[in-house]
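Subject: Structure handover

Hello,

Please find the structure below. My notes on a pocket and on one strand follow it.

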Amino acid sequence: MNRPYTEIEMQENVSFPSGKLTLEGFWHWPASNPPWPAVAVCPPHPLYGGDMDNNVVITICQALVQKSIAAFRFNFRGVGASQGSFGEGIGEQENLKAALDFMAADSRVKKDSLGIAGYSFGSTVAVHVAPQVDIKALALVSPPLQGIGLKPLKSFARPKLIMCGDQDFVVSVKELQTQIKELPQPLDCQIIPGVDHFLGGYESKLGEKIAGFFSRALVREI
């Protein structure tokens with residue numbers, strides 16, 4: 001019998017495999033009835049305190065469920081209850097792929113309507129993984145541009161949203177504007193006035209914009 005989920009059932013702590021490791025994750029389920037599109041939300045850098053309880057990560061998840069999109073946040077290897085140790089970005093890419101596999105295997109999820117959102121280091125991981133997996137949309141928040149930057153997305157023609165503050169001390173807005181010229185459409189790049197890398201005070205509006213983006217990219221296909 002179909003019925004709305006209760007408040008308790010709307011959140012769920014889980015563990016899932018990533019190779020030989022077990023990682024921890026957290027589902028945010030919409031109050032409507034399944035199945036739902038779903039978005040994996042990647043946290044910032046593990047070596048600088050980044051985890052799935054980050055304020056930006058949680059705000060994005062909470063905004064997604066308001067658009068009837070399930071959100072899955074998780075800790076990379078070596079963070080919180082996730083096994084292992086920092087994987088220099090390579091191991092974390094495998095963690096994201098494992099999270100997407102775990103999400104797609106859940107009967108409450110529309111496995112053909114998945115997306116990825118990444119914040120800071122989580123964006124770097126997402127940039128590498130997105131072209132390798134079957135997702136419908138990608139959102140990057142304050143993506144570091146060092147090294148290979150956004151080059152892996154040159155062949156990624158799915159909807160993309162990139163957001164960055166004009167006061168970001170990690171991301172060069174000028175470099176970002178240069179790199180996005182090499183990316184295929186559809187692409188929406190938004191530079192936020194007066195906001196730095198931590199997005200303090202802008203979290204709610206950020207969450208609304210990202211949730212709106214995924215709603216247009218994922219929900220409209222249903």
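The lining of the largest pocket consists of P44, H45, Y48, G49, G50, N54, Y119, S120, F121, H197 and F198. Please keep in mind that this is a predicted model. The space in the largest pocket comes to about 230 Å³. Of the residues that line the largest pocket, five are nonpolar and six polar, with no charged ones.

The other item is strand β6, which covers residues 137–141. Five of its five residues are buried, so β6 is largely enclosed by the rest of the structure; buried here stands for under 20% relative accessible area. In a regular strand, side chains alternate between the two faces of the sheet. In β6, A137, A139 and V141 point one way, while L138 and L140 point the other way, and all are buried.

β6 has pairing partners as follows. Strand β5 (residues 109–119) runs parallel to β6 and is joined to it by five bridges. Within this pairing, A139 of β6 has A117 opposite.

Regards

Conventions. Residues numbered from 1 in each chain as written. Predicted model: local features only at pLDDT ≥ 70, side-chain atom pairs only at ≥ 80, totals over all residues. Heavy atoms only, no water. 1 Å grid on protein atoms, 1.4 Å probe; cavity = no way out; pocket = protein on both sides within 12 Å on 5 of 7 lines; lining within 4 Å. Points joined across faces, edges and corners; volume = space filled by probe spheres on them. Nonpolar A, V, L, I, M, F, W, Y, C, P; charged D, E, K, R; others polar. Buried < 20%, exposed > 50% of the residue type's maximum accessible area, 1.4 Å probe, protein only. Helix = DSSP H or I, 4+ residues; strand = E, 2+ residues; numbered from the N terminus. Pairing = 2+ DSSP bridges.
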